[in-house]
Amino acid sequence: MGCRLLWIIVAFTLISMGESKKSTGESCHPDDLMGLISFKAGIRIDTSGRLERWVGRSCCKWEGISCDNTTGRVTQLLLPGFISTDVSILQTQMKGSLSPKITLLTSLQVIDLSELSFITGNIPTSIGFHLPNLRKLYLLRNKLSGPIPESIGKLSKLEEIILSENRFSGSLPLSLGNLKNLNRLLLDSNQFSGAIPDSLVNLTILVVLDLHHNYLNGHMPAKIGELQVLEQLDLSENLLSGKIPVSLTNITTVQDIDLSNNSLEGEIPFPSCSGQMPFLRFLALHHNHLTGRIPPALGYLVSLQRLYLENNKLNGPIPSSLGNLSDLRELYLSGNRLSGLIPIAFSRLSQLINLNLSNNLIRGLPHEMSSLQNLQTLTLSFNPLNFSSIPKWMAELPSISQIYMAGCGLQGEIPEFLQRKPIQELDLSANHLTGSIPSWLGGLSQLYLLNLSKNALVSEIPDSITRLHELGVLDLHSNKLTGSIIEVFKMGSILPGGSLRYIDLSHNSFSSGIEQIGAGEQHGIEFLNLSHNFLKGRLPTSIGRLELMRSLDLSHNELGFNLPESLGNVKSLERLKLEKNRFTGKIPDGYLMLRKLKELDLSDNLLVGQIPNGKPLDDFPRSSYSGNRALCGRPLAPCKP
């Protein structure tokens, strides 16, 4: 009898195990099924097609779902927007709302709904009471809104929270400080406000803290240095004020610090001695209200590669100790009140690629800087350097490709040694340069930006300029240039529609070439200013080919004849200034198609007839049309019958 009973118990156990295995593999826990079906119901569009394959009751077999092999409960909801295949990475999207019933999936460990672009809704307020096993929460790059629930602090197993690039708002909950297992907290690019909770300093194993691009205000937590294993700290683009906490120097592991674009005050407090922050590679403190001198102790940051201190209120000399930063690639000190000479020690910055010292009170550069063999960009604009000419030692910089020396008191002619350099951008504006625009400029095949404005150049534009096929910005305004502008519009291009985007030839003495506008390959021009010259003739119909143009200023010339109807095709036009010319005839009705027009001036011409009735032309003030004796209609006086 006992033996028979034992066999019955064994058989019942085996049957039960089989049923359990069957339910685990083929069906779904009722709560999980309800949660997933509710999630699917909230999504109207799924370009990946994954949700439409969620059919039946075996949710553990559904794409993007993982389950525990023992319990059969759903542990991972993995539906990121980017899907890797054997040959490429596909970007997919979902449109709809996040269902609050997602909290029915009580065994969830990972939620990844990142980069789906169009998911709306809120994080369920009860999330902390229902998902005790959650370790990773990825919701970045959607359109989710509302606050982070206070209950999130109960999710003691959370290791990573990434909510970047959404529309979350409200204060950061104090309960975030309870998440002792958190190592990554990324809440950047949202609309969070209020102070950074002091409780965040309790997250002692936090490696990444990114709160940038929000509306956070108040002071930084004074004890932020207690985040002893922090490697990346980004609090930039907020409304933070007060001083930078001295405790930051205690974080020996930190590699990147970005506190830029705030209202931080006081002096730079770190490092205080050698050995602190030994791994710091990136330090960005720009666009704040920092005062005092650049601390010589910055020279102790031996791993520093990029240093951004521009647009503060720093003063005094640049410390020579910065020459000890042997790994430095980028140094931005512009927009301060720094004075004196650039230290000779800068010649030891052998890895330096970009040096920006513009808008300071720097008086001189040592010729030893010619040893900077990797220097590509040198920005010295608006310092009282008062060079008689561009220093000849710059000819020894083999990698130099971008030179900005506007407002440096340069005199004489443009030096020939520049033709032997791979120049891509050259700004020598607001100086005292004389002579002609050299023809060898046409040999700078990589030139993208040329700004020689506000000088005393007296030549014509050389024919060789037509060879600058990559030129995108040409600014020659406020010189004494003469002759024709035709060469500018005859430039070839390696790009369809041309590379030129910005042209300013205003305030010169050009007299001809207007007929070439829009006739050549350059159809991508967005800004064109030819005002305050002596240009004559008729505006060509080819001007209508410049369909990307947003600003056109031909004022203060001697242009005549009728306004071209084709200008109405330039529907991107926002600014049109044709005043003080000799245009005749009527304003074409086609100008009513210029829907984006925000500024218009046709005053002081010889225009006649009724102003076309309708927006945007009748939105402008009388001054836009004054000085044309035969014009009538709104906003001027009514036309006589």
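His-532 sits in the loop between β39 (527-529) and β40 (536-538), where a strand is a DSSP run of E with at least two residues, numbered from the N terminus. Please keep in mind that this is a predicted model, in which local features need pLDDT of at least 70, side-chain atom pairs count only at pLDDT 80 or more, and totals for chains, interfaces and linings use all residues. Residues are numbered from 1 along each chain as its sequence is written, and side-chain values use heavy atoms, with hydrogens and water left out.

What is the phi of His-532? The angle is positive, about 55 degrees, although His-532 is not a glycine. Most residues other than glycine have a negative phi, and most peptide bonds are trans. With 30% relative accessibility, His-532 counts as partly exposed, a term for values between buried, under 20% relative accessible area, and exposed, over 50%, with a 1.4 Å probe and protein chains only.

Let me turn to Arg-141, which lies in the loop between β9 (136-138) and β10 (145-146). Its phi is near 60 degrees, again a positive value in a residue other than glycine, and Arg-141 counts as partly exposed because its relative accessibility is 38%.

Now to the peptide bonds. Which residues does the cis peptide bond with an omega of about -10 degrees join? That bond joins Phe-270 and Pro-271, and Pro-271 is placed in the loop between β20 (263-266) and β21 (282-284). A cis peptide bond also joins Arg-634 and Pro-635, with omega about 10 degrees, and you will find Pro-635 in the segment after β47 (630-632).

Methods
Helix = DSSP H or I, 4+ residues; strand = E, 2+ residues; numbered from the N terminus.
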